[in-house]
Amino acid sequence: MEGTAEIFGDLPFENQGQIVPVLVPVAVAGPYSYKVPEDMQVRPGSIVRVPLGSRSVIGAVWDGEADKSVNPKKLKSIQQVFSADPLQEDLRRFVDWVANWTLGAPGMVLRMVLRSEEALEPEKQVLGFRRIPGKEPERKTAARQRVLDLLDDGMAWTKAGLSGAAGVSPSVIDGLKDHGVLETTLLPATPPLPDPDPTLPGPTLTDMQKEAAERLVAAVGNGFKCFLIDGVTGSGKTEVYFEALAEALRRGQQTLILLPEIALTSQFLDRFERRFGVRPAEWHSQVPARRRERTWRGVANGEVKVVVGARSALFLPFCSLGLAIVDEEHDGAYKQDDRVPYNARDMAVVRGHITGFPVILASATPSVESRVNAQLGRYDLISLPERASGAAMPELVGIDMRTDGPERGRWLAPSLVKAMQETLTAGNQVLLFLNRRGYAPLTLCRTCGHRFHCENCSAWLVEHRFRGRLVCHHCGYSQPIPDKCPECGKPDSLVACGPGVERIGEDVADLFPEARVLVLSSDLPGGTERIKREMDLIERGEVDIVIGTQLVAKGHNFPLMTLVGVIDADLGLANGDPRAAEKTFQLLAQVTGRAGRINGGGKGFLQTYNPDQPVIQALLSGNPESFYDVEIESREHAGLPPFGRLAALVVSGPDRVSAESYARHVVSVAPVDSPVSILGPAEAAMAQVRGRFRFRILVIARRGFDLQGFLRAWLQRVNQPKNNIRLQVDIDPQSFM
């Protein structure tokens, strides 16, 4: 912000009673003004508690000038300054940039930074015990001796830790203290994480990997630059960017690694520990609140050197961030669709540019946007076209389901079943992939035709036979599977239509009764701990056939996996999404890439009803460049990203009529004579979600057009929504449902 340094700098305000702007985590356009009490000092970035209406909230002193039009006598005062270090200037600039780009409220972006109040104060210390030099108990029992032996090195222990390690009751420790042998001291609640060791030797790199690593290492500490590592599955992308991470550690800088899926974290953490001797800090929704608080503090004070996390880790208050890595950069999980819709991949590049550090994007199937940025020289391209093990890429075979499909009531084509038998006989593993959870996507009555649908969404209920329930995958509504049709009352008339992974598991159990079969899906009970255990089973070869959703499509290394069968390669190609071809290509390339990663000899089968579709042809030809060439040309011709810009305006409401009426009002006040195309309003593909009816408006503009400025001018003309109507703006939408 121009002039910020002159107004505030990062020094405390000198004038007592100063009025300062404070950004609070609510959906308003900018900071509010507050008075600084006489006995308080703040600076830009100071984290404070302030009154807001009838409550008090946590905010941050912000850059710029306070609103001088407000009567100072009516202003409220800051209540508290937290002991946490002030948010650094580059993070404040990043918050403002994200808000400006997404048209979101800056306070709602700040809310992603200030996650919890508990993280803002030092963790309470705990009572510890240590030995007083030269003191001995009058009576030395075996139990007391074990305690004293542990304390001989002068270190302090908590009572629980000491009694557990010595195998004694807490009363033994109390007795030694009463006899003047032990003294108490205060200890940190948890010891700081040990630093990763960059000097530990990594795996031997191939010549191609060495060259790539040298380019990355040379960039660390030398300002902003964005790299795209385009490497086939098994090419060693992780080992290559670990060398850049080691250089950042040697320079005393912090590193952020973003992963798209929590399920990928466990195996990645194991690889990190093998390379650097310790595990990094984790940041995602499954990490307990207390550990997240410690990580937040450690990131802010520099004790935490490396964080591996989901997209929200991008908003942690790093004090010396020197490198950001976005693995599987193409993945749609990096896009947040609610509150502040942002793409963490793109925002990571922005944060690197603002702070001045290199950013590494890595993928076996890069997004079209990143490929074009590399072609235009905006990103430095690093290609790794060969597997590090020297193994060949899997041979892919198409199965035309129109002529070579399975018999009625089965889902696996005969040629796939034969290949599975040969693979199992050879002692190897099989992966069957179907990106559809549950047993069947639709349940209906064969007598009256009744279909089970969600009460809150425009979606059919999915049968989950393992759980005995019909479930909506959009809002979570579920009901028990009935034994008769609720419409006509006919018993035993319900039939499951189409397969999900559970139904494929049933089919496989019939065909291979001796095989050890595992159905792997994110919605099965047990959460991430179950997924970790099951991934370990696969890696150890204790499973013969794995049946899974996209959970198994990326990031995993299964040494014995040599055959991958895609049950429905056409799934996802006919949903009207402009990115459908790209998403399908990426998903299928990733999942077939699980085959033969270590020793080669991998094979993949694609079951399809449309073998001439360009995506299927590109996969079968083993020539990804042919797909990218066609897709890039198609995007350029249509003016779609990255050659054009998109924004979606989504109107939702509790009843269809009012939502549609407001959506039509929004379109009616759009600026005329503008070089943009406005499509809609149209009912969303998923017309009702969680009881709210949804209408979409799509805005298409050329690449260099100021889309945010156009939308701001437009939205100023729009009446404020009433009656629980909501209007959300999504810049660069990834989902068109």
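A: We begin with burial. In α15, the buried residues are Val-501, Glu-502, Arg-503, Ile-504, Gly-505, Asp-507 and Val-508. Buried means under 20% relative accessible area, exposed means over 50%, and partly exposed lies in between (1.4 Å probe, protein chains only). Helices (H or I, at least four residues) and strands (E, at least two) are DSSP runs, numbered from the N terminus.

Q: What kind of model is this, and how are residues numbered?

A: This is a predicted model, where local features need pLDDT of at least 70, side-chain atom pairs count only at pLDDT 80 or more, and totals for chains, interfaces and linings use all residues. Residues are numbered from 1 along each chain as its sequence is written, and side-chain values use heavy atoms, with hydrogens and water left out.

Q: What covers the buried residues of α15?

A: Look for contact, meaning heavy atoms within 4.5 Å. The cover includes the strands β19 (429-433), β21, β24 (494-497), β25 (517-520) and β26 (545-548).

Q: How do I read a salt bridge, and how many salt bridges are found in the whole structure?

A: Side chains of opposite charge can pair when their charged atoms come close. The cut-off puts a side-chain nitrogen of Lys or Arg within 4 Å of a carboxyl oxygen of Asp or Glu. The search finds 37 salt bridges.

Q: Which residues form salt bridges with Arg-465?

A: Glu-463 is one partner, at 2.7 Å from N to O. Glu-506 also forms a salt bridge with Arg-465, with the closest N and O atoms 3.9 Å apart.

Q: Where do Arg-664 and Glu-660 lie?

A: Both are in helix α20 (residues 656-668), four residues apart, about one turn of the helix. Arg-664 is partly exposed, with 48% relative accessibility.
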